[in-house]
Amino acid sequence: RAVESQGEGQCAPVESLWRRYSEFELLRNYLSVTYPHIVVPPLPEKRADFVWHKLSADNMDPDFVERRRIGLENFLLRVASHPVLCQDKIFYSFLTQEGGWKEMVNETGFQLKADSRLKALNATFRVKNPDKRFTELKHYSDELQSVISHLLRVRARVADRLYGVYKVHGNYGRVFSEWSAIEKEMGDGLQSAGHHMDVYAASIDDILEEEEHYADQLKEYLFYAEALRAVCRKHELMQYDLEMAAQDLTSKKQQCEELATGTVRTFSLKGMTSKLFGQETPEQREAKIKVLEEQIQEGEEQLKSKNLEGRDFVKSAWADIERFKEQKNHDLKEALISYAVMQISMCKKGIQVWTNAKECFSKM
């Protein structure tokens, strides 16, 4: 919904819009290609992962759908709070236009700018002078993903044990209630203790909902790791293109020098052909030198442009990575503290339940 008054000549935005998950994917793909230097916020998982076995892994489960809806809303808030992404016209259209939004995205031709996986893989293995900072960042993102994956698996096991403990308290409640039926003097105390146990057992649903919210906060940074790697891959591609352009320019300069001096320093098929079938005429050589000089001039301009583009990319990317790191430190610190507070609160509830039960038993 709009939070600012509309200017003159502007149409009032619609009150609400329906968007499918695939449209969110299209928006994110567009942003990733259009702003390769930015750590684009990730989408929540389309299908449940790292789920402990008591919960449904069905992607149509109402609880999962609601959590995914919250995750998609968080994605929009992340983009809207980003100093660059929030100003994108396509993002604004996504939020305000009922129809024709997909056509607008496709008209940008962003798919043509997308780099293929094969090209990215080739650059990873063939780049000769990788930037140490981006190499370290790539390793960090791999380790971050590994650590969070392990943390999520441990959390799932803890949640499973927690569920078991609470359900056992439900059994306590049932046994105490049944026992109270056959006792006269002890009956009221046992009935009250059983009630406390039942209330404690019933609170597990709210606690597990909090648990899943915590897991979703961790999963966001699990997926952010891939967004970090995407920026690193783009830098590798740019570095690879720069190195290939420099290599091509060096090769052309060497050819020009060989033609001008008439000496061949390296073995080539052309050199062998010249020896077998005779040398080129001075006019042919002059024409080739002229073409090569033009290509060298173009190559130098291209190399200069790529160097400038690379420096701009590194400057912009590193500024955004620093912004991301600050955000990550704040968010993960907050999530871990919240989880610790939740665990402390659960333990206090357990102590209170058994304190109440003790008082019930004392009055018998």
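**Notebook: helices, cores and confidence**

I began with burial and noted that, of the 364 residues in the protein, 37% are buried. The model I am reading is a predicted one, and I therefore looked up its confidence before going further, since where pLDDT is low the predicted coordinates should not be read in detail.

Confidence: I find a mean pLDDT of 85 for the protein, with 88% of its residues at 70 or more. Helix α10, residues 269-277, has the lowest confidence, at a mean of 49, whereas α8 has the highest, at 94.

Secondary structure: I count 11 helices and 0 strands in the protein. Looking at contacts between residues at least 6 apart in sequence, I note that 81% of them join residues at least 24 apart.

Cores: I looked up the largest nonpolar core, which has 42 residues, and the ones with the most contacts inside it are Val39, Phe134, Ile148, Tyr166, Val231 and Ile321. Four helices, α7 (132-180), α8 (187-202), α9 (204-261) and α11 (282-362), each supply at least two residues of this core. Apart from this core I find another, of 21 residues, which includes Phe24, Leu27, Leu31 and Phe75.

Val231: I then asked which residues Val231 is in contact with, leaving aside its neighbours within four places in sequence. Val231 is in contact with Pro36, His37, Ile38 and Val39, with Phe134, and with Phe313, Ala317 and Ile321.

Conventions
Residues numbered from 1 in each chain as written. Predicted model: local features only at pLDDT ≥ 70, side-chain atom pairs only at ≥ 80, totals over all residues. Heavy atoms only, no water. Core = buried A, V, L, I, M, F, W, Y, C linked by side-chain atoms within 4.5 Å. Buried < 20%, exposed > 50% of the residue type's maximum accessible area, 1.4 Å probe, protein only. Contact = heavy atoms within 4.5 Å. pLDDT = per-residue confidence, 0-100.
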